[in-house]
Structure formats: C-alpha cells, structure tokens
Amino acid sequence: MSLIDELQEVLKQQMTKQELIPVEDACLKRLPTMDPIIDRLVFGGGIPFGCFAMFTGHPGSFKTTFGACIGALLRKHHSNNIMVVYLDSEGSTTQQRLAMLGLTGVTPFVGVTIEKVNGVINTIGKLKRDNPKYKDIHFLVIWDSIASTPTEAELNVDDINKVIGLKSRILSFYLPKWINSVLLKYGVTIIAINQLRDKVGMGMMAPSTTLKNLSYDKTLPGGNAVLFLSNIILEHKVKQTFEDSTSPYGIRAYLVEIKSVKNKFFVDNLRLNLVFSPVLGYLPEFSQFELLKQLKFVVSSGGYWRSTIPEIDIKFRLKELAEKISHDESFKKTWDLLVEKAVSTVESNCMKGVVLDSDNGNGDENDIVEQVDQP
C-alpha cells in the first residue's frame, strides 16, 4: 500500500467517525426498474437511493404518471424491499388510479403541508435508525406536488402578503436537512412533482429562479432550493397526441419529450421521446421503439418496420409490437438485443460528448402517422 492509499484509508475512517457518508454507501445504492431506458439513460444505472429527483412540466405532461409507473416497476421487481409512500397534496389521485398504473396496494395520503412532508421524512429516518429489521428496505417517496403543497401558515393566514415567499424559505431550510440527515444516510429517494409556470413580468423584480436548460421564460414554484439541491430534474413536454383512430400504436397515446435538465447521475440535456397512455401510463415497448427510430436503427418498409442493423434481423408492425413481445419469445430476444444495442450506443456517444436529441431521426412530426402500418 502506497503512502497515499494509507492516508486515504486513515482519512476515511476519521470522516466516518464524524458521520460523513462515503458515496459508495449512499447514493450509489440503486435498484433497477428493469427498463433499460429508465435505468440507464434517465438515471444512469438504476434508481439511485439517497437522492432528490424532480419531474417538472406543464399540467398534463405525465409527470405524476411517470413517477407512479417508476414506483410500480420497482414494486414489480423488488416487492420485498421497496416501500412506496405517496403524498398527494392535490387530492386528485386515488388508490384505484395508482393500481391501474401498476402501483397496487399503495394508498395516497392527502392533507399534505410542507411541515407534514418534513414529518413524514423524519419518521422514515427514525424507522430506519431504530429498527434493524428495516435496514434493507428502500423507501421511495412520491410527492405530488411541490407547487400545490401549502405551508401551515398559508392555511391559516388572513393576509396573503404575510406569507409570500414563505414556502421557498421553509424549503431552503428543510431540503438540506432531508438530504443529509435522511436521504443519504438511510437510502431514501424522493420523486417530487412540480409545475412549470410562466414568469410574471415585473421589470427589475422579475423572478430569478432559472436553470440554463430549463424552458425559456419559465420558473419553478419552491424557489432556488428545489432547483439547486435536486440531483435530477426532468422536464416533460407533450410533443404529439394520437387519438384512437389515428394512433400508430393502436391505442390513444401521447408522445412526450423528457429532457434531463439536470442530472448528477448521467448526463445533462439528454432528450428522450417516451410514449404514454392516459389509461395505462408509461408504455415501455413503444418508448423503446421511439429510441430505435431516433437512432435510425429501424426504418419503415412495405408496411413493416425493419432493423437497419445487419446482424439483427427483425420485422414487425407497430400496432402488433406489444403483443409480439409478450407472446413470441424468439421475437422478444431479438427485440431486447436491438434495444440493448441502441441504449449502449447512446451511452457510448454521451461519454464522448454527443448527446441524443429528441428530434434526431424523426423528420416531420407527421411522418410517424404516414409511415406506420400502411399496407
């Protein structure tokens, strides 16, 4: 052992005594959803436990749906060691709706305030600290949403001028405590939903909350703390709506651009086209197809989509894709191989500084309707 290696070990032991947490014991704890796009291109290797992630965008951009579907995938593959806590400050999510998205057995909690969120997070930390039997249980807290969660004072004040900016000040106090005292220490992750809002023109007093990759002239409720202390910020934007009669996927669906505005675990500014159903939520097979199309790994020919990779021979109609993946084992293996090659290509390019853009390979927005499944 060199002198530097020896010193590194000594310092690590001393810092551990001071309750500083080595990164390999904290935010590198991950659980895979088993969806390669979510795991590797959004979160850089599985859902990191010990982080604060924020999904933002305008209403109807499937932020809440995406958070619930991530929870559902984790529950599906890690049912014995994942606990999902759902805090619904909007009072708009039901247990039945979560079950439709695959998140069964999870009851939303309403009546949420910022102070009560703090209480929930501290309770989780206490449970993890005082009960060794919960040591290997990961907690995922889905908080929907920051924008609609009031403070206790806002619920009881008569003069609104007395509480302007109060939420931002309270969050700037609570967030560092949550991250350092609970999230990193006990492997807890928060997915917080937030809304993009138009900036209000106030001359020299215009809001300053911004991030270079965030949509132009938009701001986030909650102030600078949620912006700067989030490990991941994903911005959702609906690009295209497909009604039942015109949908290339065979069902009503929405093409949603998800942009990594900030990402401490992979790369910033990566744009992905994901497909959502208003009923079923996130649709992994069609989202994988969109990635293949972005990379031009598949092209439309003779009413079918075909692989452009010489060593991978695959042919399919888009409307039949989900059924073929579910019922044709040989097709599924070939499909998984093609998706793996696509994800690996994006990862490799990102490491070289070439970031995938959501418009790559798409051409005109109407191409997908005109090319798919035409006899």
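Three strands form an open sheet in the order β13-β14-β15, with antiparallel pairing, where strands (E, at least two residues) and helices (H or I, at least four residues) are DSSP runs numbered from the N terminus and two strands pair if DSSP finds at least two bridges between them. The structure is a predicted model, in which local features need pLDDT of at least 70 and side-chain atom pairs count only at pLDDT 80 or more, while totals for chains, interfaces and linings use all residues. Residues are numbered from 1 along each chain as its sequence is written, and side-chain values use heavy atoms, with hydrogens and water left out.

The edge strands of the sheet, each pairing on one side only, are β13 (298-301) and β15 (315-316). Helix α9 packs on the sheet and touches β13, β14 and β15 (contact means heavy atoms within 4.5 Å), and the direction of α9 makes about 90 degrees with that of β13, the axes being lines fitted to C-alpha atoms, for helices over the stretch in contact, and the angles running from 0 to 180 degrees between N-to-C directions. Strands β13 and β14 (residues 304-307) run antiparallel and are joined by four bridges, with Val-298 standing opposite Ser-307 in β14.

Helix α9 (284-294) also supplies at least two residues of the lining of the second largest pocket, as do α3 (63-77) and α11 (329-351). On a 1 Å grid over the protein atoms alone, a pocket is an open set of points with protein on both sides within 12 Å along at least five of seven lines, a cavity is a set of points where a 1.4 Å probe fits but cannot get out, and lining residues have an atom within 4 Å of a point. Grid points are joined across faces, edges and corners, and a volume is the space filled by probe spheres set on the points. The second largest pocket holds about 590 Å³ of space, and of its 22 lining residues, Asp-35, Leu-73, Lys-76, Pro-284 and Glu-285 are the closest to its centre. The most is given to this lining by α3, with five residues.

A search of the whole structure finds one cavity of 30 Å³ or more. The elements that give two or more residues to the lining of the largest cavity are α2 (36-42) and β10 (253-263), and about 40 Å³ of space lies within this cavity. Its lining is made up of Leu-41, Val-42, Leu-234, Ile-258, Ser-260, Leu-270 and Leu-272.
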